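Hi everyone, thanks for coming. Let me put the structure up, and then we'll walk through it together.

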Amino acid sequence: MPPVWSLRPSLPSDASWIAELRAQVMRPDLERLGRWDPVHVRERFVTGFHPAHTFVIEVEASAVGVIAVRPESDEKWIEHFYLAPEYQGQGPGALCCAMY
């Protein structure tokens, strides 16, 4: 049976663990590009964090990812989408994006 996943609104207190997840997920690409800065990658997320536009992806009540959708006049932009590596390719990401 596949794991049960859900979305919940984020809270201001989610910022630090989401910044850590962002750093973990983005590190390989940023290193490949020669742009890895462990402080900057976290600070950049925290300074632009908008809990009202951000949802936490949970699998069986454990936070495993995040999606931030910024509303514009007649469209929505996915601003952040991070999923813990161990859950990538297992479905929650595709289902979550289909909602938007």
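Let's start with the surface: the protein chain exposes about 6,400 Å², and carbon and sulfur atoms supply 56% of that area. Those areas come from the Shrake-Rupley method with a 1.4 Å probe, and for residues only the protein chains shown count as cover.

A word on the ground rules. This is a predicted model, where local features need pLDDT of at least 70 and side-chain atom pairs count only at pLDDT 80 or more, while totals for chains, interfaces and linings use all residues. Residues are numbered from 1 along each chain as its sequence is written, and side-chain values use heavy atoms, with hydrogens and water left out.

Now the fold. The protein chain has three helices and four strands, running β-α-α-β-β-β-α from the N terminus on. Both kinds of element are DSSP runs numbered from the N terminus: helices are H or I with at least four residues, strands E with at least two.

The four strands form an open sheet in the order 1-2-3-4, with antiparallel pairing; two strands pair if DSSP finds at least two bridges between them. Strand 1 (5-9) and strand 4 (76-83) are the edges, each pairing on one side only. Strand 3 (residues 62-71) and strand 4 share seven antiparallel bridges, and Ala68 has His80 in strand 4 as its bridge partner.

Helix 1 lies across strand 2, strand 3 and strand 4, at about 80° to strand 4. Here axes are lines fitted to C-alpha atoms, for helices over the stretch in contact (heavy atoms within 4.5 Å), and angles run from 0 to 180 degrees between N-to-C directions.

What makes up the largest nonpolar core? Nine residues do: Ala15, Ile18, Ala19, Leu21, Phe45, Phe49, Val66, Tyr82 and Ala84. Helix 1 (residues 15-32) gives the most to this core, with four residues. By nonpolar core I mean buried Ala, Val, Leu, Ile, Met, Phe, Trp, Tyr and Cys residues joined through side-chain atoms within 4.5 Å; buried is under 20% relative accessible area, exposed over 50%, and partly exposed in between (1.4 Å probe, protein chains only).

One last stop: Thr54, in strand 2 (residues 54-59). Is Thr54 buried or exposed? Thr54 counts as buried because its relative accessibility is 2%. Its side chain reaches the backbone oxygen of His50 at 2.9 Å. Beyond neighbours within four places in sequence, Thr54 contacts several residues, including Arg8, Ile18, Phe49 and Val66.

Definitions and conventions. A polar contact is a pair of N or O atoms within 3.5 Å; within protein, one must be able to donate a hydrogen and the other to accept it, and residues adjacent in sequence count only if both atoms are side-chain atoms.
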